[in-house]
Each structure stands twice: as C-alpha cells, then as structure tokens.
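Student: I'd like to go through this model with you, piece by piece. Can we just ask and answer as we go?

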Amino acid sequence: MSGLVSAVGEKKRALTFQELLFTLQRFWADRGCVLQQPFDVEVGAGTMSPDTFLRVLGPKPVRIAYAQPSRRPADGRYGENPNRLFRHTQLQVVLKPPPVNIQEMYLESLVAIGIDLKEHDIKFEEDNWEWPVGGAWGVGWQVMLDGLEITQFTYFQQCGGMDLDPISGEITYGLERIAGFLQDVDSIYDIVWAVEPDTGRKVTYGEMRLAEEEQFSAYSFDYADVGSLWKHLELYEAECLALLEKVKEFDSMDELTLKRFPVLGAYELALKCSHVFNLLDARGAISVTERVGVMARIRTLVVGVAKAYAAQGEALEVGVR
Amino acid sequence: MADFLFEIGLEEVPARMIAGAQAELQQRVVKMLERERLVLPSAAIKSFATPRRLAVWISQVEEQQNPLMVETLGPSTKVAFKDGQPTPAAISFANKLGVEVASLRKVPTSKGEYLQAVSFTAARKASEVIAAELPKELAGIYWAKNMYWRPGKPERFVRPVRWMMAMLGAEVVPVSFGGYEAGAVTYGHRVLFGDAAIEVGSPGEYEDALLSGFVIADVEVRRQRIRKALDKVTRAGSPEGAGLRWREDHGLVDKLTQLTEWPSVLMGGFEKEYLALPEEVLVTVMRDHQSYFAVEDKEGKLAPHFLAVLNTETDEAGMAVIRHGNERVLRARFNDARFFWEFDQRVPLVERVKLLENVTFQKDLGSYAAKSERVRELCHRLVDLAAKRGFAVDSNALLDAAALAKTDLTTELVKEFTELQGEVGGLYAKAQGLGEKTADAIYDHYRPESMEAAIARTSEGQLLAIADKADTIAGMFRLGLEPTGSKDPFALRRAANGVVKTLAESEVPLLLSEISKAAESTDEKMIAFFRERLEFYLREAKGQAYDVVKAVLAAGSEDVRDAVARTEAVTAVRGSEDFAAVSAAFKRMKNILAQAKEKGIAAGSNVDAALLTEPTEKALAERSAELANRVSTLRSEKNYKTALEQIATLRPQVDAFFDAVMVMAPDAEVRANRLALLDRVLGDFSGIADFSEIVVAG
C-alpha cells in the first residue's frame, strides 16, 4: 500500500499524539472552553466524567473541554490487536447551549489539526448515543472521515432520566484513531506520541502504553478476583445508597450542610460500581440473566445521583435568593 | 399566479428518514394550498431532498385565495318581514354577513321558508396564508426520532433547522419556524462550495442554483448518478478479462443517495489473503459497517475490491488519498473479523452447548440451552411424521443441527456481527467437520427472514427452521404473550410467516395443526394465528384477491401448499362467465338454505329421486351427481383447475333450475327434498373453495 505522502506529494509532518491534543485543546480554549484535567476515577467514556454527566444538568451555561482516558476492560486484546484498546483517550467537548454554528466549529477544528476538508470525504451519519445505566441519551452522528469514524457528535437530550433544558452539544474525538489516520500508521502502537526536539528520537504510543494494555488485559480476563470484585461492588453500592438515602433530608438541611453534602462523592462511588461491573463482565463472571439485574442496580445509583445533584443545585439556588 | 418554492435547511437528517419526510412535506404543502384555495389539483409538483434539506416546488399558485361562496340561513320569512318591510331581525342578519337586505334569498326548508344570505369569505393574500399555515405543517411532520435544540424547547424536529427559503414568484414568503424566518437564499455543499449563501431569483431557478453550489437536489438524479458511477468505476478498475461487477444492493444505493449531496465513486482494494475469510463476513463488514459495495468476478465470486460512494468530488491525486484512507479502515475491520474467527475456533461448537445455559432466551422459557433441547425434541416429532409420508431427511444430521443451532450466540464473531447469527454457526460447523447437512441446516435456520427472503435450502434446514419458529411461537402463546394490534415485541408474526412460507415453498408434508400440536401448544389461538398468517401470505406474497383467499380457506386451511394450489386454480378460472354464474348461483343456494334454517324449515336428510317432479330439478340432480364423482376424483388428484372447470359446466342446469323451480314449494315434502338437493350440490362442490364467498361483479 502506498503511503499518504507518495499519494499527494510533499506534505508537512503530521501532528504527534500530544500535538494533536494540544491543538484541539487550544482550538476549543480559543472558542471559550474551560480546559479541565482528566477525571481521576475509572470511566468507560468521557461522558461519564462529572464534567459532562453532571454539568449538563440544570440551566447553567457550560463550555468545557478535557481529555479523558476511558477504560473498557472487555475491549482489551493483550496489546495484540493493532486497532483495539482496553484504555483509549477521548477528547470531550461540551457546549451548553450548543452554538448555532457548532458543526462548522467542529469542521474548523479538523482543519486546525491538518485535515484539508477538500482532500477528504466527510459524512455525518446518524448515530444516536445512549447510556441506559445513566438514564441518558441524545441524538446525533458519527462523523466519518474517508470511511473512518473519528468523532461522536451528540445533542444530549436526557440525563439521569431528566429532560435537559437547555440541551448540550457534545463532541467526542477518538484521539488514537485520529492520530493513526493523520500519521498513516496501521497499528495504534506505532503512533508517534512525541518527538524529542534535540535528538529527534520518536516516542511511540507503544512505548508509553503497550505494557499497560498487556497487563490490564491479563488482569481483566485472567487475574481479577471475582469474589473480591463482587465484594467491592457491594461495598461501593452500599455506601452510595446510604448517601442517597440522606438526600431525603435535603429539605431540613441548613445551607452550609446542604452545600457540603457529597453528591459528588456518591457519584464516584457509583462510577466505581460501573467499572467493577465492567471488570466482572470481561472476566465472564456475569451471566446474561444476572446482567440485567446488576445493571438495574447501578442504574439506581447513577440516576439517583443525577437527581440528587439537580435537587441540590435547585435548593441552593432558591436558598441564595 | 406564480410558482411557489419552500426549502427547509437542516443539519444532516438521518438517511433512513429522508424519503418519508420528503413525501410528507410535499403532501402537507399541497394539501394546505388546496385547503386554502390557493392551488388547483392540476398543479405541477416536484419535491427535493438531500441530507441537509427538504424542498417542494409547486407551479401556478394563486397570489390570492379564490373566494369561497358561503350560504347562511337566517330568520324565517315570517319573522323577517312585517307588512312587506324588513324587520330588525332581517337587517341585523344582513349586516352581520355584510350583505344588502335586498340580496337576501328566500329558501324553502322543512320548517317553512327562511332567509338565506350569500356571502364570500375574505380572499387573503397567499403569502399571508402560507406564512400562517406552513409552520403548523412543519411541526406536524412525523419523525421516527426527534430532538430539542433551542433553550426553552420551543419546538422538536429531527435535527436543528439552519435556514429556510420560501418564495412565491420573486417574492419572499415570511414563513417562520425553528427560530428562522425564510429568505431567498439557500446553501451549497459544505466542503465543495463552503458557507456562502446562494441567491435564488425565483422558484424556477432553484435546482440550477443548487447545482452551482455542488448540490444535486433531485433524489432520482443523484441515485442515477451513483449507479452510473458504480458501473463506470467498476469497468475502469476491472483488469483485462476479469469482468468485474459490483453487487447489486438497492438498500445500499438508497442509503448512499440519502447520505450525499454531490456523490462520486471510488474503487479500493484489499489483500487477497482476506478472501480466505467467509464471504458472508467480508460482505457484512463492507455493507453494514462501511457502506461499501462488494465486487464480484465473472463467476460471481468475491473479488478483492470494494466501491465506496463519496460525498465529494476530487481529482486523481485527491482520490488516491481518500482511497488510501478507506482501504486502511477496511483492512483494520477485516483484521478484527479474522481475529474473532480464529479466536472462536479455540472452542468448538460442541463445547459451546453448555455455555448456552448462561444465555437467556426468555425469562420464563429459560435459557437457549433449554430452547435447543425443546427444538431438538420437536424436530424429532416432526421428522417422524414427515418421514412416514416419504419426505427424505437425514434425521441424525437434523438432530445434531438442532442441538448446535444456537451455539454461535456465544461466539465473538456473532457478538460483533449479530446479523450473521446462524450463518456463522453453519460456517463453523463446516470448518469443524460436522457434516454438510448439519452445517447447512444451522446456516439456514433463521430463514426466511422476510416475505421476500428465500427459505432454507435443504430438507433438514426447512424442518429446523419450522421447529425453531414454532417453538418460539408456542412458548410465547403459553405465556399469553401473543401479538396484539401493532405490538409484536417477539416478532411472532414474522416467525409464523416464516413457517407458512417454508411449508408453501418446500416439499415438507406437514399440516399447520400438526406443527402446533407437536410444539405442545394446547392453544386453539396458535392454529388461528397460523391461519391468519396463511391468509396474509396468500394475499401479500401471492397477490391473491381477498374473496378468493376467503373462499379457499373456508374449504380448509391446514395444508399450506394445497391452499396455495386451490387459490391459484380459483384465480385462474374466476374470470370465466360460467364460473361467475355458478358462483352466484351457489351464493343463492346458500342464502336459501340459511333463510330456510332461520324459519325452522328443515332440509331433507338426502335427496329422494321420487320426489323430484320438475324436469329441471331432475336434470340438476342427475348432472350434479355425475359431476360430483368426476370432481371428487380430480380433487384427490389435486387437479383443481380442471375440477373447477367441470363445476362451471353445471351452469345450464343451475340456471334452468332457478328459472323454473320454486324451492320453497308449498308442499312440505317437495320443499324439504329441494332443500336437500341444494345442500348436496353445495356440499359436493365446496371442497376446493366455498364459491359463495366469491364476489361476482355486476
């Protein structure tokens, strides 16, 4: 297969993985987004970070962008498959309410990372996003670039089972895919992450992450202790439920107690449950029959947190007045 | 009069929804204009659609409403005039409607004479009416899934509205919807034309204006352009003598027509080594995951090429870049599929049977392991019945297939490509040396997936397909989960359609009632359900007339293939005059018998020749007895058409009988005997179809 360069002649060097991240972050910062750091609890997707899942609730406008390492234990391939990862990186952009020209802004961001739109085939194909466990869904597209899905674009409609108003526009870039495309490599592990400016030495994705893929695949599929995982699940669940139980007392709390009530802590516990569930699933420890039941349990937590977050926000708003 | 054009610009509308919305918008706009007396039914209409717009153009729209004459009844003449002078009642009635008292008419009614005013509704300007009415029509368009986008949620639509254009001649009609007011500009292709507005001088210029913006607004033109490009690119990319062809796929052509505004086609390739993977897997990856057309060689074998439809146009160098990108993605997809294929081989199907215990079929019907066991037992019973009737089937292969049919649900390949369930099991069975008959039966057992799809190819596959579906239906019926109205969450109608179609189009010698019974359905409802599906099959798949189907099923609905043959025979002869006359006469006989029964007049238990007095009734009795024997023989030979033609020859005797004989004779014995004769004739000749159900024209 002939390379990209030979096909189109002289071409400037493609962005490294980290330059791709810098460029997109700079692009969105210039358009009013606050740059947040990745969330530090395991999540399966950038949407599950509280910076999306909780900030889309309520009326307050939001413009935020952050990179989010996302763990999906069942997708691990021991580092042997050049296209699949246990942990990949999403760049998540949330705009509430979505600006009228949000699609045009998105296309400009592609130009910013070196994609000449006239040289490529771009399609917005229907793809509606849904996270049943979070009572969350939206409508939108997968953005296809020369047949490659590079972005999930969603107009968030509901979250925690609640209708959103205003809704949020959510743009999720798959950074490994885009970097692989830009650099024209057939394996994710060959992506150049960074180049040392003085020596010109290339640091690859594989150098940075292969060991992690190998070991976490082995952990998720072969080592994770099923008994302990079930215990973790129960412990996290019980603590989350105990916190949610106290939500009933919001009405009788004084403002300071209410403000300090750890809904955010409850959310982290719920996310822990979700991750442990994913591990159990990868480990093959959840039968199809059990699956529905466990998912319903986690849904109770996640949706309960979303409702508590909304209630807390509303109560504080009223209290301030 | 002027042409009217309306366009609504949207963010990319899902491809599957465009055709329906295009038709609905056209229909709504035309109906609205007709309702508002702004257009004649003869107006020329054209509609347009791309992913980013829906539009409709209508010729010769009135600039003002045609006035409508309204007749209003007022007070009675008695009250309205006193001494020949109008009273206040008459004057206020005329004033209310804005007419002169002198113009009021006197009209007779059932209650006496009343005043009537003739007035005309105000003729509003077209642009005013359209601006008021069109937004309501837009809001009413059906979308399978829609969304809010503006704060305060003022409206829902499929995707955010981005502009509107509404023009009556050169004049803008101020339609407002979704936060926009319509103007006189449209927008072109995102990339090839950019964000600049395109001015449209008048409705007639719309299509050309868009062409200059790299948008083909006419759906048919786009479709043809894609088809031609597929042909051309395939020919150009075909090595000397290879005779490559793209694989026809109407659904995919539709989808790509609705995904593009300015389509072009490129041919890409993949490494020959991937051809070692089953064709089914390769085609599914290309078609369902990448929207590519597969390419085949002269022999119909898959060639290592694909065709991608792009929503852009570029030169050779640009095409090379896009080709390279698409090939890269496809290679990654094929690699994944190969990984799954190889991974799955580590655990053979036979070892996967126990894994099915963990896969729920339905919570009250247990796991797929339980279902497989039930289907296997059912196959056993069906094969016993069928084999006795000389149906050739390898029962060991069938029973093995039944045990393994669902094991592919535990494979990675089916988890990734769910649409390949069954086929993957069949391919694995073959690869694992389980025998061709077993493999083919597994491969085919979900067939037919629709009324258009083919049935299973082998007798083992046919029996397994029937058993699998019958088990699902019987199980759900036992739980009271039969379909109701539009609700059919377990797709039981499709399953029953599959059973009927398989019986109709194979040699499987089983009756619907036998299948129900073998599936341990204690429910009469299941038999009625099958009968309803048979009726559906005859009407929808076979295109048979409603009355013919009803007539045929009244004479038996157990044997599907027999019902099909009888239906076809009735349809073949129903056009003949004699047959129509005999059908009408049979209906008359049935009515006479029914009326007699209602009045408590009994027919004789059999026909007594001594009581036949009139020559015409004697003739009918003799001729029908003769014919009955012949028809009975023909019926048992399933020579239905000839049998029906024979029945039609009874016409002279039937006609003469009704001309000369009064059935309800005053003498009770004669009457009972004549009724017995009619009863016998009906009984003898209704074995193929109940002709009294046939609707005779005139």
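Student: How many Å apart do the C-alpha centres of domain 3 and domain 5 of chain B lie?

Tutor: This is a predicted model, where local features need pLDDT of at least 70 and side-chain atom pairs count only at pLDDT 80 or more, while totals for chains, interfaces and linings use all residues. Residues are numbered from 1 along each chain as its sequence is written, chains are lettered from A and ligands numbered from 1 in the order written, and side-chain values use heavy atoms, leaving out hydrogens and water. Domain bounds come from an automatic or database domain assignment, which puts domain 3 at 219-344 and domain 5 at 574-693 of chain B. The C-alpha centres of these two lie apart by 65 Å.

Student: Is S9(B) largely enclosed or exposed, and how many of its residues are buried?

Tutor: Buried means under 20% relative accessible area, exposed over 50%, and partly exposed in between (1.4 Å probe, protein chains only). S9(B) covers residues 161-168 and is largely enclosed by the rest of the structure, because its buried residues number eight of the eight.

Student: Which residue takes a positive phi in the hairpin of S9(B) and S10(B)?

Tutor: S9(B) and S10(B), residues 171-172, pair in the antiparallel sense over two bridges, with Leu168(B) standing opposite Glu171(B). The hairpin has two residues between the strands, and the one with a positive phi near 60° is Gly169(B).

Student: Which helices are included in what covers the buried residues of H15(B)?

Tutor: Seven of the nine residues of H15(B), 436-444, are buried, so the helix is largely enclosed by the rest of the structure. Among those buried are Asp440(B) and Tyr443(B). The cover includes, from chain B, H8 (279-290), H12 (395-404), H14 (423-431) and H16 (459-478).

How values were computed:
Helices (H or I, at least four residues) and strands (E, at least two) are DSSP runs, numbered from the N terminus. Two strands pair if DSSP finds at least two bridges between them. Contact means heavy atoms within 4.5 Å.
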